[in-house]
Amino acid sequence: MSNLKLVNLVRSRLFGTLRSPYDRPWAERVTLVTGGNSGIGRAFVEKLVMANAKVIACGRNQDALQELQREHPEVEAIPCNIAERADVLALAESIETRHGKLDVLINNAAIMEQVDLLDDSVSDDRIAYEIAVNLVGTILLTRRFLQLLRSSDCPMIIMITSGYALLPATRAPTYSASKAGLRSFTLALRRQLTGVGIRVIEVLPPLVDTPATRAVQRPKMSADALVDRVLRDIDRGRDEILPGQVGLLPLMMRLAPKYIARRVAGT
Ligand SMILES: NC(=O)c1ccc[n+]([C@@H]2O[C@H](COP(=O)([O-])OP(=O)(O)OC[C@H]3O[C@@H](n4cnc5c(N)ncnc54)[C@H](OP(=O)(O)O)[C@@H]3O)[C@@H](O)[C@H]2O)c1
């Protein structure tokens with residue numbers, strides 16, 4: 001059990017409804033959602049707007065950002081490629097100037113390439129870019145925002161990895177590797193930040209219905225249901241959130257490791 005969970009458990013047993021800063025509602029919390037203009041990121045943006053958070057959404061696609069802003073004028077929609085250092089620096093400067101702090105960073109932006117490594121038509125650049133966005137970009141953006149997060153009285157980082165961080169999919173070897181790498185980074189980051197009070201949460205989604213999975217014909221969780229589950233689990237003090245079928249993976253990996261690795265590999 002993590003220290004935070006232990007503290008929450010003891011606190012709730014001793015004081016019942018007494019609340020810590022982490023229990024605060026989302027209202028007024030300055031929240032950055034990377035990739036907030038589509039899919040899961042957009043569902044986070046919409047739920048947090050409803051909860052009266054101050055939401056900043058970033059992404060590359062200007063049309064999608066403008067559409068988001070049209071529908072939710074209160075959202076700050078900022079163009080930013082998280083793999084571009086200059087974009088990330090400009091984003092951090094804009095948030096510091098307007099808000100002077102960041103309460104919640106939701107690292108959601110990513111791309112998923114289906115890569116056949118034996119196919120010479122797949123360029124090294126395509127694979128390198130996927131890793132530059134999902135792993136390097138996310139890590140460096142997180143690092144860039146640590147000081148602004150420290151200006152908050154209840155800061156939080158939410159890392160969206162994947163069930164494929166636990167077991168890889170054969171069709172997406174480099175995506176799976178990037179997410180396993182991000183999970184490893186998240187575990188170490190949580191330990192490094194314990195002393196400074198930044199809570200680090202990891203979400204490992206199952207297959208979710210978004211533009212990225214349009215072509216996949218299997219049962220999918222809705223992005224709204226995923227975000228509802230995440231927000232509920234955060235309120236309950238959970239730092240690792242494994243929604244839907246991903247919740248079964250840790251047990252299956254102990255009981256029947258070869259079987260479950262084969263099953264996930266083929267998804
Ligand atoms: N859908 C699933 O089944 C599933 C399962 C497990 C984990 N996940 C994870 O959930 C997250 C969201 O996925 P999704 O399904 O919602 O995909 P999506 O609809 O394709 O959304 C991805 C978002 O990331 C943004 N993005 C991509 N590259 C970026 C870059 N270089 N800089 C800034 N923003 C960038 C995209 O915006 P622009 O194109 O405008 O840049 C878009 O807003 C990802 O981390 C994904 O790995 C998804």
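Reader: What kind of model is it, to begin with?
Author: It's a predicted model.

Reader: OK, and how many helices and strands are in the chain?
Author: The chain has nine helices and nine strands. Its radius of gyration is 18 Å, close to the 18 Å that the globule rule gives for 267 residues, so the chain is as compact as a globular protein of that length.

Reader: What box do the C-alpha atoms fill?
Author: Roughly 55 × 45 × 30 Å, taken along the principal axes.

Reader: And how much of the chain is buried?
Author: Buried residues come to 49% of the 267. The chain exposes about 13800 Å², and carbon and sulfur atoms supply 53% of that area.

Reader: What about contacts, how many of them join residues 24 or more positions apart?
Author: If you take the contacts in the chain with a separation of 6 or more, 66% are between residues 24 or more positions apart.

Reader: Let's switch to the ligand. Which residues come nearest to it?
Author: There are 30 residues around the ligand, and Asn 37, Arg 60, Asn 61, Tyr 175 and Thr 210 come nearest.

Reader: Which polar side-chain atoms lie by the ligand's oxygen and nitrogen atoms?
Author: Ser 38 has a polar side-chain atom 2.7 Å from an oxygen atom of the ligand. For Asn 81, a polar side-chain atom sits 2.8 Å from a ligand nitrogen atom. The backbone takes part in the list too: a polar backbone atom of Ile 82 is 2.9 Å from a nitrogen atom of the ligand.

Reader: How much of the ligand does the protein bury?
Author: The protein buries 90% of the 880 Å² that the ligand exposes when taken alone.

Reader: Which elements give two or more residues to that shell?
Author: Those are helix H2 (39–50), helix H5 (124–150) and helix H6 (173–193).

Reader: New topic, the loop between S4 and H5. Is Asn 108 buried or exposed there?
Author: Asn 108, in the loop between strand S4 (104–107) and H5, is buried, because its relative accessible area of 12% is under the 20% cut-off. Leaving aside its neighbours within four places in sequence, Asn 108 is in contact with Thr 34, Gly 35, Ile 40, Gly 41 and Ile 160.

Reader: And Val 115, buried or exposed?
Author: Val 115 is in the loop between S4 and H5 as well, and at a relative accessible area of 6% it is buried. Beyond its neighbours within four places in sequence, its contacts are Val 122, Ile 127, Arg 171, Pro 173 and Thr 174.

Reader: Where does Thr 170 sit relative to Val 115?
Author: The two are 55 residues apart in sequence and 8.8 Å apart in space, C-alpha to C-alpha.

Reader: Then Ser 121, buried or exposed?
Author: Ser 121 lies in the loop between S4 and H5, and it counts as exposed because its 59% relative accessibility is over the 50% cut-off. Its side chain makes a polar contact of 2.7 Å with the side chain of Asp 119.

Reader: What about Glu 67, where is that one?
Author: Glu 67 is in helix H3 (residues 62–71). With a relative accessibility of 35%, Glu 67 counts as partly exposed. Ala 77 is ten residues from Glu 67 in sequence, and their C-alpha atoms are 9.5 Å apart.

Notes: Residues numbered from 1 in each chain as written. Predicted model: local features only at pLDDT ≥ 70, side-chain atom pairs only at ≥ 80, totals over all residues. Heavy atoms only, no water. Near = heavy atom within 4 Å. Polar contact = N/O pair within 3.5 Å; in protein donor to acceptor, adjacent residues only side chain to side chain. Areas by Shrake-Rupley, 256 points an atom, 1.4 Å probe, with all protein chains shown as cover. Helix = DSSP H or I, 4+ residues; strand = E, 2+ residues; numbered from the N terminus. Rg over C-alpha atoms; globule rule 2.2 N^0.38 Å. Buried < 20%, exposed > 50% of the residue type's maximum accessible area, 1.4 Å probe, protein only. Contact = heavy atoms within 4.5 Å.
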